[in-house]
Amino acid sequence: MENLRQIHNRQKRALFFLLALLALAWGFSPWPTVFAGLILGVLFGLYNFWILTRRMERFDRALAQGEKAPSLGSGLRFASGIAAAAIAVSLPETFNLIATVIGLMIPYLFLLAERIISQLKHPDPGGKER
């Protein structure tokens, strides 16, 4: 099974490619506020995903060493989502709020799609739990 860092690095590459496409769309489309909102949301979503990866590694280490498990940083990820929405609300001529919220979810949708594809490529032999 892949470790969390490998999954994060693969997701990061895909999200940077998406950000490049969104930047092109922002520059050349008639809807720059929508694409600016998507870019803002994806950037904050990538930050949230990085926090989750870092906290999960810390969580796994603590469990392996028999220590008390730390929190997974839900409050910090929630606060960064609020910050992204606050930026979009305070600058409506630059960022579209709905697009920002959709952008926040894109890294998690990428992760879900990647995990489904990985499971289909490498099914669990015998149905054993991992």
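## A buried residue in the first helix

A residue counts as buried when its relative accessible area is under 20%, as exposed when that area is over 50%, and as partly exposed in between. In this predicted model, H8 has a relative accessible area of 3%, and because this is under the 20% cut-off, H8 is buried. H8 has its place in helix α1, and, leaving aside residues up to four places away in sequence, H8 touches F49, W50 and T53.

## The chain as a whole

The chain has four helices and zero strands, so that, read from the N terminus on, its elements run α-α-α-α. Along its principal axes the C-alpha trace spans about 50 × 35 × 20 Å. Of the 130 residues in the chain, 32% are buried.

What share of the contacts with a separation of 6 or more comes from residues 24 or more positions apart? Such residues account for 69% of those contacts in the chain.

Just after α2, G66 takes a positive phi of about 75°.

The same reasoning can be applied to helix α3, which covers residues 74-90. Its 17 residues should span 24 Å at 1.5 Å a residue, and this agrees with the 24 Å between its end C-alpha atoms.

Which residues of α3 are buried? They are R77, S80, G81, A84 and A88. When α3 is seen down its axis, these buried residues fall within an arc of 100°, and therefore they line one face of the helix.

## How α2 meets α3

Two packed helices are described by the angle between their axes and the distance between the axes. The axes of α2 and α3 come within 10 Å and cross at roughly 170°, and because an angle over 145 degrees counts as roughly antiparallel, α2 is roughly antiparallel to α3. The contact is made by L40, F44, Y47, N48, I51, L52 and R55 on the α2 side, and by L76, R77, S80, G81, A83, A84, I87 and A88 on the α3 side.

L76, which has its place in helix α3, is one of the residues in this contact. With a relative accessible area of 37%, L76 lies between the cut-offs of 20% and 50%, and so it is partly exposed. Not counting residues up to four places away in sequence, L76 touches Y47, I51 and R55. L76 and L52 are 24 residues apart in sequence, while their C-alpha atoms are 9.7 Å apart in space.

## How α1 meets α4

Helix α1 (residues 4-28) and α4 have axes that come within 10 Å and cross at roughly 125°. This angle makes α1 oblique to α4, and the crossing of the two helices is right-handed. On the α1 side the contact is made by I7, R10, Q11, A14, L15 and L18, and on the α4 side by I106, P107, F110, L111, E114 and R115.

Note on methods
Residues are numbered from 1 along each chain as its sequence is written. This is a predicted model: local features need pLDDT of at least 70, side-chain atom pairs count only at pLDDT 80 or more; totals for chains, interfaces and linings use all residues. Side-chain values use heavy atoms; hydrogens and water are left out. The expected span of a helix is 1.5 Å times one less than its number of residues. Buried means under 20% relative accessible area, exposed over 50%, partly exposed in between (1.4 Å probe, protein chains only). The arc is that of the directions from the helix axis to the C-beta atoms. Axes are lines fitted to C-alpha atoms, for helices over the stretch in contact, and angles run from 0 to 180 degrees between N-to-C directions. Angles under 35 degrees count as roughly parallel, over 145 as roughly antiparallel, 65 to 115 as roughly perpendicular and the rest as oblique. A crossing is left-handed if the near helix is turned anticlockwise from the far one by less than a right angle, and right-handed if clockwise. Contact means heavy atoms within 4.5 Å.
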